[in-house]
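Have the viewer open while you read.

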Amino acid sequence: MNGFFDLPSDLQHSYLGLVGLHAREGLLPVLVALLVALPVAQLCVRFRWVYPPVLGVTTVLYSIPSLAFFVVLIDYFGQSETTVMIPLAVYSLVVLVPGIVDGVRSVPQETLAAAQAMGFGPVRRYLQVQLPIAAPAIIAGLRVAVVSSLSLVSVGMLIGNQGALGNMLNDATTYHRPALAVNSVLTTALLGILADALLVLVRRLLTPWMPRKGATR
Amino acid sequence: MNVLNFAHAFFSDSAHWHGYDGIPTRLAEHVRYSLEALLFAALIGLPVGLVTGHYGRGGNALALIATAGRALPSFGLLVLMFIWIGFGLLPVMIPLVVLAVPPILVTTYEAVRSVDPSPVDAARGMGMPEARVLFQVELPVALPLILSGLRTAAIQIVSTATIAAYVSLGGLGRYIIDGLYQRNYEKVVGGATLVAGLALTTLVVFWAASRITVSPGVRRSS
């Protein structure tokens with residue numbers, strides 16, 4: 001009874017179940033944001049005048065508080081996971097686009113010319129030259145997006161217990177079990193740090209030519 | 001346009017403009033929480049970032065601290081601190097400061113470290129002591145980036161300070177939380193509009209601050 005990982009039954013999940021739910025609610029939006037951010041960033045690189053307005057719109061979107069964003073969306077999607085995930089996707093998008101644009105722009109002109117001289121079409125050039133060279137910048141953006149997205153999921157508790165690990169916070173106050181709050185905070189933080197470490201690993205695998213030491217943000 | 005109607009209804013109700021739950025009071029509370037949190041975070045982040053950036057060391061340790069700070073959920077930390085410390089401003093300040101320190105710290109470090117080394121060497125060659133090199137050469141050049149770090153922190157604080165209402169404090173979050181429990185979407189949308197407006201005002205303030213404080217020479221070259 002009352003073990004650290006024994007959760008009250010009203011959470012309707014085991015500890016690991018909540019962890020899985022939290023990971024899905026936090027990571028899926030980042031994935032969607034990445035899929036949207038790649039073409040948007042490519043547009044910004046291709047047509048330079050698109051970038052400043054895109055940057056302006058994303059900065060404004062970023063300044064909407066998460067709680068307000070959630071609550072306004074309730075009107076359209078109800079108290080559901082979708083309501084939590086849409087704002088997270090938007091915030092991730094804001095973090096990702098500038099990173100990808102800077103990354104793709106940093107590809108040297110000579111490299112592009114060399115690729116063209118080798119007969120690469122625009123698609124192959126993008127996939128095999130520009131994306132790999134921009135990978136460190138993209139992953140740097142992903143790290144920030146993933147970590148903040150995972151930590152924001154908890155706020156979803158306020159809109160009808162949609163906060164996965166955050167739902168434990170409500171039970172911690174109602175049942176006077178502070179250990180639940182400690183558990184929630186630590187697990188969420190660990191999840192974020194773990195995801196961050198995984199992304200660093202992915203970057204090392206994707207960019208074997210980079211120096212092993214340093215070059216971290 | 002549902003949202004616009006709600007916002008209009010909220011702002012045209014004169015009951016929302018007076019008393020302890022009026023917009024001026026809540027706005028003032030929100031601004032106070034935000035400024036205090038930003039001040040504390042800057043007091044921690046700026047000196048550490050400036051010194052480590054100046055000597056170019058400790059980048060990995062800072063990145064680790066920043067990741068840990070970002071990974072800690074503000075909302076969870078708020079509830080935990082409220083349980084541990086009890087009612088008051090401190091349980092709100094702790095998560096806000098934890099949230100704001102990483103961007104300030106990392107950007108300041110990066111900003112000072114990436115200053116062009118040749119003017120720094122020239123300053124040393126002219127016999128400037130380290131402190132003057134930092135404050136008269138590196139700081140002015142690094143200022144635009146440092147301000148952008150402070151701006152990110154400030155916006156995150158302004159939008160996150162809404163959660164103070166969850167532990168019975170004031171601020172603009174009051175409208176959002178109360179409205180949520182009362183199923184009064186007018187209030188929620190009104191509160192959200194006010195917070196977003198405050199965040200945009202913060203953007204403008206920082207833009208103006210950078211126009212005033214950044215030396216014209218630095219602005220031209222960037």
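Which pattern does chain B follow when read along the sequence? Point 1 takes that up.

1. Keep in mind that this is a predicted model. Chain B reads α-α-α-α-α-α-α-α-α-α along its sequence, with 10 helices and zero strands. Chain A follows the pattern α-α-α-α-α-α-α-α, so to speak a list of eight helices and zero strands.

2. On overall dimensions, the C-alpha trace of chain A spans about 70 × 40 × 25 Å along its principal axes. For chain B, the C-alpha atoms fill a box of roughly 65 × 40 × 30 Å, again taken along the principal axes.

3. Next, burial and contacts, chain by chain. Chain A has 217 residues, and 40% of them count as buried. In chain B, with its 222 residues, the buried part is 46%. If you take contacts in chain A between residues at least 6 apart in sequence, 70% of them join residues at least 24 apart. For chain B, residues 24 or more positions apart account for 74% of the contacts with a separation of 6 or more.

4. Helix H8 of chain A deserves a look of its own. It covers residues 178–206, and its 29 residues should span 42 Å at 1.5 Å a residue; the end C-alpha atoms are 42 Å apart, so expectation and model agree. Buried residues in H8(A) include A:Leu180, A:Val185 and A:Leu191, and also A:Asn183, A:Thr187 and A:Asp196. What covers the buried residues of this helix comes from both chains: included are helices H1 (15–46), H6 (122–152) and H7 (167–174) of chain A, along with H3 (59–71) and H4 (74–85) of chain B.

5. Now the interface. On the chain A side 34 residues are in contact with 36 residues of chain B. Two or more residues each are given to that side by H2 (51–62), H3 (66–77), H6, H7 and H8 of chain A. H8(A) provides the largest share, 10 residues. By residue class, the chain A side divides into 19 nonpolar, 12 polar and three charged.

6. Which residues touch the most other members of the largest nonpolar core? They are A:Ala68, B:Leu78, B:Ala100, B:Ile157 and B:Ile176, in a core of 121 residues. Helix H5 of chain B (residues 90–113) gives this core its largest share, 14 residues. As background, nonpolar side chains in soluble globular proteins tend to be buried together.

7. Two backbone spots to check by eye. A:His176 has a phi near 50°, a positive value in a residue other than glycine, and sits in the loop between H7 and H8 of chain A. Is A:His176 buried or exposed? It counts as exposed, because A:His176 has 9 C-beta neighbours inside 10 Å, and the cut-off for exposed is 12 or fewer.

8. The other spot is in chain B. B:Arg183 has a phi near 55°, a positive value in a residue other than glycine. Its place is the loop between helix H8 (173–182) and helix H9 (185–213) of chain B. B:Arg183 has 9 C-beta neighbours inside 10 Å and so counts as exposed.

Methods. Residues are numbered from 1 along each chain as its sequence is written. Chains are lettered from A and ligands numbered from 1 in the order in which they are written. This is a predicted model: local features need pLDDT of at least 70, side-chain atom pairs count only at pLDDT 80 or more; totals for chains, interfaces and linings use all residues. Helices (H or I, at least four residues) and strands (E, at least two) are DSSP runs, numbered from the N terminus. The expected span of a helix is 1.5 Å times one less than its number of residues. A residue is buried if 20 or more other C-beta atoms lie within 10 Å of its own, exposed if 12 or fewer, and partly exposed in between; C-beta atoms are placed from the backbone. Two residues are in contact if their C-beta atoms, placed from the backbone, lie within 7 Å. Ala, Val, Leu, Ile, Met, Phe, Trp, Tyr, Cys and Pro count as nonpolar, Asp, Glu, Lys and Arg as charged, and the others, Gly among them, as polar. A nonpolar core is a set of buried Ala, Val, Leu, Ile, Met, Phe, Trp, Tyr and Cys residues joined through C-beta atoms within 7 Å.
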